[in-house]
Amino acid sequence: MNRRVKNKTKFVRLAEFSPLRLVVWARNHFKVGRSSLVRLRAEPLQTGLTVCVVAIALALPTLLLQLAGLGANALSQIGETSDINVYFDLGVQSEIVEERAQAWQNDSRIASTEVISPNQGLDEFEQFSGLGSILAGFEENPLPYVVRIQPSEQVLSRPAELQLLVQALDAEERVDSAILDLVWLNRLNSMVSFVDRLSYGVGFLLALGILLILGNTIRLTIENRREEIVVIKLVGGTDRFVRRPLIYAGLWYGLLGGLAAALLVAIVGLLISMPLQRLLVSYQSSVALPDLSFALLFKLAFYGALLGCAGAWISVLQHLRNIEPQ
Amino acid sequence: MIVFDNVSKRYPGGHDALKQVSFELSRGEMAFLTGHSGAGKSTLLKLIMAMEHSSQGQVLYDGKNLARLGRQGIPYHRRRIGVVFQNHSLLFDRSVFDNVALPLAISGADPSETARRVRAALDKVGLLHRETQNPVALSGGEQQRIGIARAVVHKPDLLLADEPTGNLDPELSAEIMNLFHEFNSVGVTVLVATHDISLVRELGLRQIVLSEGRLASGSASPVAEGPRS
Ligand SMILES: Nc1ncnc2c1ncn2[C@@H]1O[C@H](COP(=O)(O)OP(=O)(O)OP(=O)(O)O)[C@@H](O)[C@H]1O
Ligand SMILES: [Mg+2]
C-alpha cells in the first residue's frame, strides 16, 4: 500500500508534461470555462449589470477615438482648400461688394473671388448645421456679405505673403474682418488631436475602472462561494483549481462586455451617421464613415477579456489566500 | 503511518489545545479518539489534515514531517486522506452525484472513471438511488452518508471522521460505525473522533483518549477504557 501511494504522487509530478496530461488539461479548461459561463447565466441581473458597465467603459473611449479619426480624415481632405473669407460690415450694399470683388480680381495675388450674399450664406448654414430654424427666428437675415477669395498658388506657398494679403484685406474700408480658413483649420486640427489624446486618457482611466469593478465583482463571487472553496481545499483542491473558475468568470465578464461595447459603438454609429453625413456633404468632403469592422469587434472583445482576467487575478490574489478550512 | 512525536498545539489566543501528545497509528489500523468536549480531538485531526500546524513536536505521515509540506504540498497530502467533518458538509448548489465526485474532479479523473467510482461509493452507503437529487432533499443521516461517500470515493489511505454520528439516532450511528469498520477491513486506516462511548465499547477497538490536551491512554496498544471526564 505504501508503494501505491508513492507511485500515485510520482504519477502526478512526472506526467505534468506528457501529451495525455495536456489533453486532460485542455478538457478541464473547457469544462471549467463552460461551467463558469453557466454559473454567470444563473445570476442574470448581476451578470447583466457587470457586463453593461464594462461595455460602457469600453465603448466610450472607442467612440472618442473614432471621432478623432473621423476628424483627422476630414481635415486631410479639406486641408487643401485654403480660402480667405472677407466679411463685410452689416448693411453694406451689394453693388459696393461686387465692385470690390471685381477690383480684387485684378490683384495678382488673388486667383479668384466669389461673392456670397447673406441669403446664400443662410442656405449654406442651414445645410451645414441643420439648425436653420434658429435663424428663422430673426426678422432680418443677420448674415453679412462675404467674399470668398482663393489666393494664387504663389502666395499660398509663402505663409508670410499670405499673412500680408489677409492683413491688407482686413484693413480695407467697410470690411469687418478677413479670415484665413487656415485659422479655424488649425483650431480644428488641434481639437482633433486633443480628442485623440483625450480618448487615450479616458481609455486608461476607464480600463482602471474596469479592473476595479471586475475585481470587486470577483471578490463578491469569492465571498458567495466561500463554503464551496473551503470544501474544495479540504478535499485537496489546489490553489489553481480554486482559482481557475474565478479567472474564467472574469474572462467572461470582460469578453461579454467587449462584445456588448461593440454593439454600443455600432448603435451610436448608426444614430449619428445621418447628421454626420449631412455635415460632411456641406464641407464638400466625402469621408467614409467608420463602420463596425471585425477588427474592432475583435479588439474590443480581446481587451475586454484581458481586463477581465487581470481584474479577476488581482481579486483572487487578494482574497483567496485567506479562505482556509477551519 | 501516523506518528505524533511529543506534539503540542497552542492556539493564537494562548490556549494549549494539545500538550506533548505522542502516539502512533499503524497502516490498516482503526482507532477511536475520545475525550471530553474541548479535550483537543478536533485539533488533533486538524493537525493530521495540515489545517493547523504543531507548535512543538512533529507530526509524521508516512515518515514525512507535515510541517515541511509547504503550501504547494498540502493539497496533495489531503488527497490521500478522506475526511468527514460535521461542519464542512455538502454543497447545496449541486446534485448528490456532483458532491461525491468533487475529490475526483479535483484530481482531474476522466468522466467514465468518475461515474463508476461515484456510483460505487454511493452504493456502499446505500444511497445510489439518490444520485440526481439535491442534498437539501435528504435527511441528516442521509447527508452524513453522502459525506462519507465523498470521503472514500477517491480511495484514500486514511479516513478521518470528526463526530460523524453527532446528531444521529443510535441505530443510524451504529450503521455508520459499521460502515467505517467495513472500510477498515479492506485496508483503509481509520481514525474516528467521537463522544459515543457505548458504540466504541461495542466495537472493542483501540481507543486514544485525550484529557485537557494530554494523552490519557491509548498511546500504543489497543485498550478499552471508560471515559475520563
Ligand atoms: N481556532 C481556535 N482558536 C483558539 N482556540 C481554539 C481553536 N480551536 C479550538 N480551540 C480551543 O482548543 C481546545 C480544544 O478544541 P478542540 O476543538 O480540539 O476540542 P474537541 O475535543 O474537538 O471538543 P469537542 O468534543 O467539543 O468537539 C478548546 O479549548 C478550544 O476552545
Ligand atoms: Mg471537536
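A:Arg39 counts as partly exposed because its relative accessibility is 27%. Partly exposed lies between buried, under 20% relative accessible area, and exposed, over 50% (1.4 Å probe, protein chains only).

This is a predicted model, in which local features need pLDDT of at least 70, side-chain atom pairs count only at pLDDT 80 or more, and totals for chains, interfaces and linings use all residues. Residues are numbered from 1 along each chain as its sequence is written, chains are lettered from A and ligands numbered from 1 in the order in which they are written, and side-chain values use heavy atoms, with hydrogens and water left out.

**Salt bridges**

The side chain of A:Arg39 forms a salt bridge with that of A:Glu228 (2.9 Å, N to O). A salt bridge here is a side-chain nitrogen of Lys or Arg within 4 Å of a carboxyl oxygen of Asp or Glu. A:Arg39 sits in helix 2 (residues 19-41) of chain A and A:Glu228 in helix 10 (residues 226-234) of chain A, so the pair ties together parts 189 residues apart in sequence. Helices (H or I, at least four residues) and strands (E, at least two) are DSSP runs, numbered from the N terminus. A:Glu228 is buried, with a relative accessible area of 10%.

Over all chains, the count comes to 21 salt bridges. Three of them are listed here.

| Pair | Closest N to O distance |
|---|---|
| A:Glu223 and A:Arg226 | 3.0 Å |
| B:Arg71 and A:Asp239 | 2.9 Å |

A:Glu223 is partly exposed, at 40% relative accessible area. A:Arg226 is partly exposed too, at 37%. The salt bridge between B:Arg71 and A:Asp239 crosses between chains, from helix 2 (residues 70-78) of chain B to helix 11 of chain A. B:Arg71 has a relative accessible area of 30%, and A:Asp239 has 24%. Salt bridges that share partners also join A:Arg39, A:Glu228, B:Asp93 and B:Arg94 into one network.

**Chain A**

Chain A has twelve helices and four strands. Of its 326 residues, 39% count as buried. Its accessible surface comes to about 19300 Å², and 62% of that belongs to carbon and sulfur atoms. Accessible areas come from the Shrake-Rupley method with a 1.4 Å probe; for residues, only the protein chains shown count as cover.

A nonpolar surface patch is formed by A:Leu263, A:Ile267, A:Leu271 and A:Ile272, with about 400 Å² of accessible area together. Patch residues have over 30% relative accessible area and no salt bridge; like charges are joined within 9 Å, and nonpolar side chains (Val, Leu, Ile, Met, Phe, Trp, Tyr) within 5 Å. A:Leu271 lies in helix 11 (residues 239-282) of chain A. A:Leu271 counts as exposed, at 63% relative accessibility.

A:Leu198 is found in helix 9 (residues 181-224) of chain A. Its relative accessible area is 35%, so A:Leu198 is partly exposed. Leaving aside neighbours within four places in sequence, A:Leu198 is in contact (heavy atoms within 4.5 Å) with A:Leu64 and A:Gly203.

**A helix pair in chain B**

Helix 3 (residues 96-106) and helix 4 (residues 111-124) of chain B pack at an angle of about 115°, with their axes 9 Å apart. Axes are lines fitted to C-alpha atoms, for helices over the stretch in contact, and angles run from 0 to 180 degrees between N-to-C directions. Residues making the contact include B:Val96 and B:Phe97 of helix 3 of chain B, and B:Thr114 and B:Leu122 of helix 4 of chain B.
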